[in-house]
Amino acid sequence: MISTKGRYAIRVMLDLAKNDNGNYIPLKDIAERQEISKKYLEIIVKEMVTGGLVKGASGKGGGYKLLRKPEEYTIGEILDLMEITMSSVACLADNGYECPRMEKCETLPMWKEFDDMVHDFFYGRTLKDIM
């Protein structure tokens with residue numbers, strides 16, 4: 001399941017793309033338009049800045065803006081930054097989990113195929129596509 005953090009990050013990115021006028025966009029404006037707590041968005045955008053999705057500026061005229069054009073961001077990269085894992089099962093997650101049945105698991109190929117479809121779906125869509 002995709003968390004609220006991942007879903008809200010996409011909404012923030014869309015808001016920044018739709019309201020881009022060359023200036024930084026104040027977080028309070030994004031919070032109002034998206035009807036999301038400013039406090040919660042502060043946590044989300046901090047991760048987005050650290051992850052290289054957006055840049056921020058403080059003070060008068062401060063806020064956030066995209067670093068790239070909307071067509072250069074995939075939904076997959078946003079979700080991968082914000083989610084702990086996008087894997088459907090623990091044995092496919094990149095978290096060091098070692099399943100003792102992995103070599104003989106008959107269902108693993110199905111989960112792998114599902115995860116590949118999810119990956120391709122989200123990496124096949126850009127911010128521009130969903131604007």
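A salt bridge is a side-chain nitrogen of Lys or Arg within 4 Å of a carboxyl oxygen of Asp or Glu. The model is predicted, so local features need pLDDT of at least 70, side-chain atom pairs count only at pLDDT 80 or more, and totals for chains, interfaces and linings use all residues. Residues are numbered from 1 along each chain as its sequence is written, and side-chain values use heavy atoms, with hydrogens and water left out.

Start with the overall plan. The chain has six helices and two strands. Both kinds of element are DSSP runs numbered from the N terminus: helices are H or I with at least four residues, strands are E with at least two. Read from the N terminus, the order is α-α-α-β-β-α-α-α. The C-alpha trace spans about 60 × 25 × 25 Å along its principal axes.

How much of the chain is buried? Buried residues account for 32% of the 131 residues. Here buried means under 20% relative accessible area, exposed means over 50%, and partly exposed lies in between (1.4 Å probe, protein chains only). Contacts give another view of the chain, a contact being heavy atoms within 4.5 Å. Take the contacts between residues at least 6 apart in sequence: 64% of them join residues at least 24 apart.

Now return to the salt bridges. One of them joins K5 and E47, with 2.8 Å from N to O. K5 belongs to helix α1 and E47 to helix α3, so this pair ties together parts that are 42 residues apart in sequence. K5 has a relative accessible area of 22%, so K5 is partly exposed. E47 is also partly exposed, because its relative accessibility is 27%.

A second example pairs R33 with D15, whose closest N and O atoms are 2.7 Å apart. This pair also links distant parts of the chain: R33 is in helix α2 (residues 27-34), D15 is in helix α1, and they are 18 residues apart. The two partners sit in unlike surroundings. R33 counts as partly exposed because its relative accessibility is 39%. D15 has a relative accessible area of 3%, so D15 is buried.

R68 takes part in two arrangements. In a salt bridge with E77, the closest N and O atoms of R68 and E77 are 2.7 Å apart. The charged end of R68 also sits over the ring of Y73, 4.1 Å from the ring centre. For a charge to sit over a ring, NZ of Lys or CZ of Arg must be within 6 Å of the ring centre and within 35 degrees of the ring normal. K65 meets this rule too: its charged end sits over the ring of Y24, 4.6 Å from the centre. R68 is partly exposed, because its relative accessibility is 30%.

Rings also pair with rings. Phe, Tyr and Trp (its six-membered ring) pair if their centres lie within 6.5 Å; planes under 30 degrees apart count as stacked, over 60 as edge-to-face and the rest as tilted. There are two aromatic pairs. In one, the centres of the Y8 and Y40 rings are 5.7 Å apart and the planes stand at 75°, so the pair is edge-to-face. Y8 lies in helix α1 (residues 4-18) and Y40 in helix α3 (residues 38-50), so to speak bridging distant parts of the chain, 32 residues apart. Y40 is partly exposed, because its relative accessibility is 26%. In the F121 and F122 pair, the ring centres are 5.1 Å apart and the planes are at 80°, so this pair is edge-to-face. F121 has a relative accessible area of 40%, so F121 is partly exposed. F122 counts as buried because its value is 18%.

What are the buried residues of α5? They are L108, D115 and F122. These residues cover an arc of only 65° around the axis, so they lie on the same side of α5. The arc is taken from the directions from the helix axis to the C-beta atoms. Helix α4 (75-82) is among what covers them. On the face turned away from the buried side, α5 carries the exposed residues P109, E113, M117 and D120.

Finally, look at the loop between α2 and α3, where E35 lies. E35 is not glycine, yet its phi is positive, near 55°. Most residues other than glycine have a negative phi. E35 is exposed, because its relative accessible area is 74%.
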